[in-house]
Amino acid sequence: MSTAAEAIEAERAPAVRAPVLAIRDLAVTFPGAVKALRGVTLDIAPGEIVGLVGESGSGKSVLGLAALGLLPPAATITGSVLLDGRQMVGTSDEERRLARRRYAGAVFQDPMTSLNPTMKVGRQVAEAAGSTEAAIEALERARVPEPRRRAGQYPHELSGGLRQRVMIAMAIAGSPDLVVADEPTTALDVTVQAEILALLTTIRDETGSSILFVTHDLAVAAELADRIAVLYGGRLAEIGPAADVLHRPCHPYTVALMAARLRGDSPRATMLPTLEGEPPDPRALPPGCPFAPRCPLAEPACDAALPEPEAAPTHDGLVACLHAGESAGARLRVREAPSPRGDPEGAATLDVGVPLGQKRGPTGATPHPGPALLLTDITKAFGKGDRRRAVVDGLSLEVPAGGSLALVGESGCGKTTTLRMAVGLENPDGGEIHVGPGGSPQLVFQDAGASLTPWLTVGEMLEERLRTDGLDAPARRTRSVEVLQMVGLPADVATRRPRQLSGGQRQRVALARAVAVPPALLACDEPISALDVSLAATVLNLLMNLRAELGMAMLFVTHDLAAARFIGDRVAVMAGGRIIEEGPSEDILTNPQHPHTAALVGAIPRFEAHA
Amino acid sequence: MARLVLSRLAALAVILLALSAIVFALEAMIPSDPVRAMVGASATKEAVAAKRHELGFDKPLPVQYVRFLGRAATGNLSDSLRTRRPVVTDLGNFLPATLELAGAAAIIAAVLGGLLGIATARGKGTAPRLLMLAGASAPPFLLALALLMLFYSKWHILPSSGRLSSSITPPAGPTGLLVIDGLVHGRFDVVSDALWHLALPAFCLALGPAVALGRTLRSSLQTVLTQDHIRTARAKGLKERTVLLRHALRSALNAPLTMGGLQVGLLLAGVVVIESVFAWPGVGLYTVQSISSTDFPAVAGVTLVLGALYVVINSLVDLAQIVADPRLRAA
């Protein structure tokens with residue numbers, strides 16, 4: 001560990017003041033031998049913003065909680081965490097509480113659930129600020145408009161962005177030296193995200209607070225971090241100045257993350273580059289480098305021992321990889337699969353036992369004349385009396401048979417309601433819905449875990465779906481295995497229950513259930529927004545493949561313009577219950593016509609690390 | 001808020017109507033003759049018929065029901081066949097005692113249940129939980145007898161029956177609740193003696209509901225304590241006590257309040273047994289005696305009043321839930 005510590009000291013050479021947060025060799029294990037962190041060393045200098053990036057299960061949130069001394073009593077913690085010189089490991093609850101109260105603030109992911117729903121926000125901020133006046137001042141500093149009026153409101157009366165500003169006000173109310181922000185923008189719309197990121201930077205500039213910014217999204221970290229730390233399998237993979245880590249990464253995982261990131265200009269003709277495999281299970285970590293099983297550079301030496309962070313060859317930071325020098329070079333190839341639109345790889349496995357109807361590419365001839373979905377002037381309002389509000393207001397759209405339309409918009413624009421009406425889960429108040437021939441549309445939800453029945457095995461769920469198709473029992477069993485293959489899952493997944501699967505596997509199972517009887521129209525409601533970058537790319541590739549193979553039309557609802565552009569032949573942008581712009585997907589990002597679309601495009605994080 | 005009150009009043013009317021219909025139908029179906037019971041076995045046929053006509057029992061059933069409703073609407077619940085007094089007068093005499101007993105029990109249940117729920121929410125306090133569970137699983141009459149044996153027969157700490165010692169004259173009015181009346185008139189001897197008499201029956205009545213409330217509050221608190229906003233409260237550096245009492249408790253009240261409203265029904269049913277055991281001169285005792293003498297006007301009156309009480313209390317529960325959770329106010 002001494003090399004790492006020395007290297008960190010060397011790296012921090014310009015910073016003469018004591019670090020606000022000094023983490024040394026921190027290891028956290030939860031009951032059930034879940035190793036969340038395995039020896040992490042990290043300093044945060046006064047006024048510094050450190051972006052802590054990692055996939056779910058990497059240990060990034062655990063590190064944030066450890067900094068606050070908020071880990072549950074059941075966790076076994078070793079190492080040292082000094083918050084302004086106060087030890088947060090092994091000390092009493094009361095010592096940690098006082099350190100937290102005096103030196104730290106926290107902003108969490110979902111401001112709706114992170115605020116107390118039964119208490120006015122002013123009072124909640126005042127608990128941290130000490131007085132009502134100080135609370136108003138904190139709300140002002142967090143740029144909450146009309147702070148006095150807002151202070152008298154409850155969280156549910158505020159918009160998502162305002163709620164997060166209230167959270168930030170609460171975090172900075174006690175003038176802390178460190179703010180831990182754990183995925184503070186993940187639950188927010190992209191334009192609101194941009195505002196919140198700008199606010200956090202401003203607050204750092206004004207107050208000099210350091211910020212530990214935890215996120216799964218490199219691009220978001222790039223927006224505000226001075227330094228970026230990449231966490232993988234409970235270990236620090238790479239850390240360095242933000243611009244260096246983004247533009248000269250030397251850990252193969254960082255390189256892969258950058259490549260798998262869906263951008264506004266990802267080529268649509270080829271599949272997205274993806275990382276093979278899934279993040280390691282923190283209950284069964286390999287003895288060596290945790291990334292080795294997925295790493296294209298891996299060799300036996302990588303599996304022998306955990307690599308320690310050492311001076312990076314390409315930048316001023318540290319990297320924990322035996323091949324750090326090579327990874328930036330040509331030897332690292334992230335898997336690039338051939339285009340699903342051309343000659344799909346693995347077509348044989350997709351060729352399943354039941355006739356699928358005519359196969360054709362998405363741009364080819366359609367099996368049925370007419371659209372797969374036609375919505376004409378539909379309206380839908382919710383609420384009673386004075387509170388009745390039109391959510392969808394005279395919307396028309398068409399998904400051609402075999403075609404794909406991505407419906408993009410911010411939360412509350414009516415996109416999900418539109419999708420629910422399209423698949424018949426909701427009845428419109430007015431207008432017409434015409435669904436093309438070929439059976440009822442199937443639906444894939446955002447939270448795949450919640451949409452699967454917890455007490456049924458995957459096989460039972462698939463067979464239940466197939467029973468409606470009149471297959472006998474042996475045929476159903478054969479067919480479910482085929483469907484699992486189709487979504488890239490091994491046959492033995494059929495015997496498992498949802499909680500025994502990873503997030504990525506659950507999303508695949510949800511997809512398998514939706515296409516077990518191939519529908520003419522597949523409707524997806526934000527299927528990738530809960531997934532990590534590399535998993536999101538995998539699911540998008542899978543959707544493109546399935547669509548090409550099964551000739552399905554697709555209605556894809558998302559808040560993510562880049563994903564919309566990738567998956568949709570056409571993109572429709574929704575705002576206020578109407579479609580404000582619709583066009584070929586290539587044009588929407590490059591040449592948005594409507595100002596609202598332009599604002600959405602402008603708010604996409606773009607990997608431009610600030611100086 | 002106004003809409004809620006209106007809808008509850010409408011519900012109250014519907015429920016009372018249904019209750020009255022059930023009571024009336026029961027009266028019509030049961031093969032006992034209240035008129036015969038009134039006039040006595042030696043009365044002549046003519047006398048019976050005259051009495052029957054006088055009381056309206058010779059009219060068709062729907063007409064009897066409408067007449068019954070009409071009288072009830074004007075606050076006339078007929079005369080008790082047993083006591084020969086108007087049922088309303090009887091209820092006026094017996095209801096305050098029951099309200100005092102049930103009210104005391106409700107307070108004990110809320111306090112005990114709240115303490116139990118809070119104490120056991122974080123996996124501690126297993127012993128009190130088991131003890132209370134054991135107490136609540138015993139039938140109320142058994143519990144009552146056991147407590148009487150200990151506190152009355154063996155230790156002579158608490159009285160065995162009645163609302164007040166015979167040596168004390170209760171003050172007149174205004175509520176009929178002895179504790180309140182005692183306070184109003186500054187008669188603290190009455191207050192303490194009434195509380196003395198209340199202790200055992202109210203506790204016996206309260207224990208079951210207290211355990212139900214405590215368990216509901218416990219599981220509700222346990223759910224709330226895992227929520228994000230609790231983590232936020234801890235991140236602020238608030239004391240664990242503050243986190244629990246100020247942040248978790250209020251968010252956790254919805255389910256226990258619902259449970260409390262439902263328990264009122266059980267409490268009112270338990271009153272019948274407990275009043276009999278402790279010779280408590282309330283509606284429960286009155287009901288038992290009325291049933292054994294097929295005194296249907298009395299039974300109908302009690303049913304309607306207790307039914308109304310139940311609906312009113314559950315409406316108050318709805319209101320309390322809205323006060324506790326501001327998100328419900330928009331709905």
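User: How much accessible surface does chain B have, and what percentage of it belongs to carbon and sulfur atoms?

Analyst: In this predicted model, the C-alpha trace of chain B spans about 85 × 55 × 40 Å along its principal axes, and its secondary structure comes to 15 helices and zero strands. Buried residues make up 41% of the 331 residues in the chain. The accessible surface of chain B comes to about 16,500 Å², and the share belonging to carbon and sulfur atoms is 70%.

User: Which helix contributes the largest share of the nonpolar surface patch in chain B?

Analyst: The patch is formed by Phe141(B), Leu142(B), Leu145(B) and Val273(B), which together have about 350 Å² of accessible area. Val273(B) lies in helix α12 of chain B, residues 254-277, and is partly exposed at a relative accessible area of 35%. The largest share, three residues, comes from residues 140-154 of chain B, that is, from helix α7.

User: What is the strand order of the open four-stranded sheet in chain A?

Analyst: Strand β1(A), residues 21-30, is joined to β2(A) by eight bridges, and the two run antiparallel, with Val28(A) standing opposite Leu37(A) in β2(A). The edge strands are β2 (34-44) and β5 (86-87) of chain A, each of which pairs on one side only. The pairing in this open sheet is antiparallel, and the order is β2-β1-β4-β5.

User: How far apart are the closest N and O atoms in the salt bridge between Arg204(A) and Asp226(A)?

Analyst: The pair links distant parts of the chain, 22 residues apart, with Arg204(A) in helix α9 and Asp226(A) in the loop between α10 and β9 of chain A. Arg204(A) is buried, with a relative accessible area of 11%, whereas Asp226(A) is partly exposed at 26%. The closest N and O atoms of this salt bridge are apart by 2.7 Å.

User: How many residues apart in sequence are the parts tied together by Glu308(A) and Arg235(A)?

Analyst: The side chains of Glu308(A) and Arg235(A) meet in a salt bridge of 3.6 Å, N to O. Arg235(A) is buried, because its relative accessible area of 8% falls under 20%, while Glu308(A) counts as partly exposed at 27%. Glu308(A) lies in the loop between α13 and β11 of chain A and Arg235(A) in strand β10, so the separation of the parts in sequence is 73 residues.

Conventions: Residues numbered from 1 in each chain as written. Chains lettered and ligands numbered in written order. Predicted model: local features only at pLDDT ≥ 70, side-chain atom pairs only at ≥ 80, totals over all residues. Heavy atoms only, no water. Pairing = 2+ DSSP bridges. Patch = residues over 30% accessible without salt bridge, like charges linked within 9 Å, V, L, I, M, F, W, Y side chains within 5 Å. Areas by Shrake-Rupley, 256 points an atom, 1.4 Å probe, with all protein chains shown as cover. Salt bridge = Lys/Arg side-chain N within 4 Å of Asp/Glu carboxyl O. Buried < 20%, exposed > 50% of the residue type's maximum accessible area, 1.4 Å probe, protein only.
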